[in-house]
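Please look over the points below with the model open beside you.

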Amino acid sequence: VFFIRGKGNKKGYEIDSLHIMDVAPTVLYLFGIPIPKAMDGRLMGEVFEREYLTKHPIHFDERDMRRESIAFDFGEDEKRKIIEGLKALGYMG
């Protein structure tokens, strides 16, 4: 079940086809956060009044977030603690 309510929403509009992945881009739009181009799902623009969409243009983030990675540089002591923790949880033998 998905409900959306607020300024600019079409009153009484029923969404015919909604995928769970469509929720994130729509929420990002509502908060004024650019939607990553590579994000799965789509903005559910049909739930908004045309006037609202005109006043609040959709912004996309052109970066491909899937290709960016975060590198962590752990020292030997930190690596040992992480490995011990993973072993204690049963993820490593």
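1. Tyr29 and Tyr52 are both buried, where buried means under 20% relative accessible area, exposed over 50% and partly exposed in between, with a 1.4 Å probe and protein chains only. This is a predicted model, in which local features need pLDDT of at least 70 and side-chain atom pairs count only at pLDDT 80 or more, while totals for chains, interfaces and linings use all residues. Residues are numbered from 1 along each chain as its sequence is written, and side-chain values use heavy atoms, with hydrogens and water left out.

2. The count of aromatic pairs comes to 3. Rings of Phe, Tyr and Trp (its six-membered ring) pair if their centres lie within 6.5 Å; planes under 30 degrees apart count as stacked, over 60 as edge-to-face and the rest as tilted. One of the pairs is Tyr29 with Tyr52, edge-to-face, at 6.3 Å centre to centre and 80 degrees between the planes. This pair links distant parts of the chain, 23 residues apart: Tyr29 belongs to helix α1 (residues 23–30) and Tyr52 to helix α2 (residues 50–55). Helices (H or I, at least four residues) and strands (E, at least two) are DSSP runs, numbered from the N terminus.

3. Phe48 and Tyr52 are stacked, with 5.6 Å between centres and 15 degrees between planes. Phe48 is buried, as is Tyr52. Through ring pairs, Tyr29, Phe48 and Tyr52 join into a cluster.

4. Where does Asn9 sit? Its place is in the segment before α1. Asn9 counts as buried because its relative accessibility is 7%. A polar atom of the Asn9 side chain lies 2.7 Å from the backbone nitrogen of Gly6. Leaving out residues up to four places away in sequence, Asn9 touches Ile4, Val47, Phe48 and Glu49 (contact means heavy atoms within 4.5 Å).

5. Two lysines deserve a look. The charged end of Lys37 sits over the ring of Phe60, 4.6 Å from its centre, and Lys10 lies over the face of Tyr13, at 5.1 Å from the ring centre. The criterion is NZ of Lys or CZ of Arg within 6 Å of the ring centre and within 35 degrees of the ring normal.

6. Gly90 follows α3 and has a positive phi, near 90 degrees.

Note on methods. A polar contact is a pair of N or O atoms within 3.5 Å; within protein, one must be able to donate a hydrogen and the other to accept it, and residues adjacent in sequence count only if both atoms are side-chain atoms.
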